[in-house]
Amino acid sequence: MPRPHQPDEADFKSILPEDIDWKPFPAFPPGARLAILVGHPSEPGPYVVRVKVSGGAKLMPHKHPEDQIYTVISGVFYIGLGEKFEADKLNAYPPGSVVVLPGNAPHFHWAKSGEYVTQVTAIGPLGLEYLDPQDDPRRHSR
């Protein structure tokens, strides 16, 4: 008996870099973009997204309820664990690196050395909660 297909995975397809549709994401600061590649992140089920963060941009301490696997596509991905943004807690991951981030682990990012792109694989729904509500761009976009 064949297994049922996952969302967006019933038919062969490919996504070329030039076809990626980068969009603002309400929970991201202005220097960050999100592209949905496979699945529906707002729903239960597997998804694959890419995140592009422009040089200098910071994502302040936040957490996701779901486990996430980051693959660094380009640039250097700086991530630190903790409830406060502390530059000395950042670790640098070059292209090709894979970072496993358990759900509910407080963390922060900084595009310290220029733009980076990561690919995130997880089981939705995607959630993003800032530890300090004042850091949440969704509060200021009204």
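This is a predicted model: local features need pLDDT of at least 70, side-chain atom pairs count only at pLDDT 80 or more; totals for chains, interfaces and linings use all residues.
Which residues does Val-99 touch, not counting residues up to four places away in sequence? Residues are numbered from 1 along each chain as its sequence is written, and side-chain values use heavy atoms, with hydrogens and water left out.

View 1. Val-99 touches Gln-68, Ile-69, Tyr-70, Phe-77 and Tyr-93, leaving aside residues up to four places away in sequence. Contact means heavy atoms within 4.5 Å. Val-99 and Tyr-70 lie 29 residues apart in sequence, yet their C-alpha atoms are 5.0 Å apart in space. Val-99 counts as buried because its relative accessibility is 10%. Buried means under 20% relative accessible area, exposed over 50%, and partly exposed in between (1.4 Å probe, protein chains only).

View 2. Val-100 sits in strand β7, residues 98-101. At 62% relative accessibility, Val-100 is exposed.

**View 3. The open sheet of five strands.** The order is β1-β2-β9-β4-β7, and the pairing is antiparallel. β1 (32-39) and β7 are the edge strands, each pairing on one side only. Neighbouring strands of this sheet are turned by 25 degrees against each other on average, direction ignored. Axes are lines fitted to C-alpha atoms, for helices over the stretch in contact; angles run from 0 to 180 degrees between N-to-C directions. Strands (E, at least two residues) and helices (H or I, at least four) are DSSP runs, numbered from the N terminus. Two strands pair if DSSP finds at least two bridges between them.

**View 4. Strand β2 and its partners β1 and β9.** β2 (residues 45-53) and β9 (residues 116-124) run antiparallel, joined by nine bridges. Val-49 faces Val-120 in β9. Val-51 has Thr-118 of β9 as its bridge partner. On β1, seven bridges pair the strand with β2, again in the antiparallel sense. Gly-39 stands opposite Tyr-47 in β2. β1 and β2 form a hairpin, with five residues between them. β2 is mostly covered, with eight of its nine residues buried.

**View 5. Three salt bridges.** A salt bridge is a side-chain nitrogen of Lys or Arg within 4 Å of a carboxyl oxygen of Asp or Glu. Asp-136 and Arg-138 meet at 2.9 Å, N to O. Asp-136 is buried at 11% relative accessibility, whereas Arg-138 is partly exposed at 27%. Lys-89 and Glu-86 meet at 3.3 Å, N to O. Lys-89 is partly exposed at 39%, and Glu-86 is partly exposed at 25%. Lys-23 bridges to Asp-21, with the closest N and O atoms 3.5 Å apart. Here Lys-23 is partly exposed at 46%, and Asp-21 is partly exposed at 47%.
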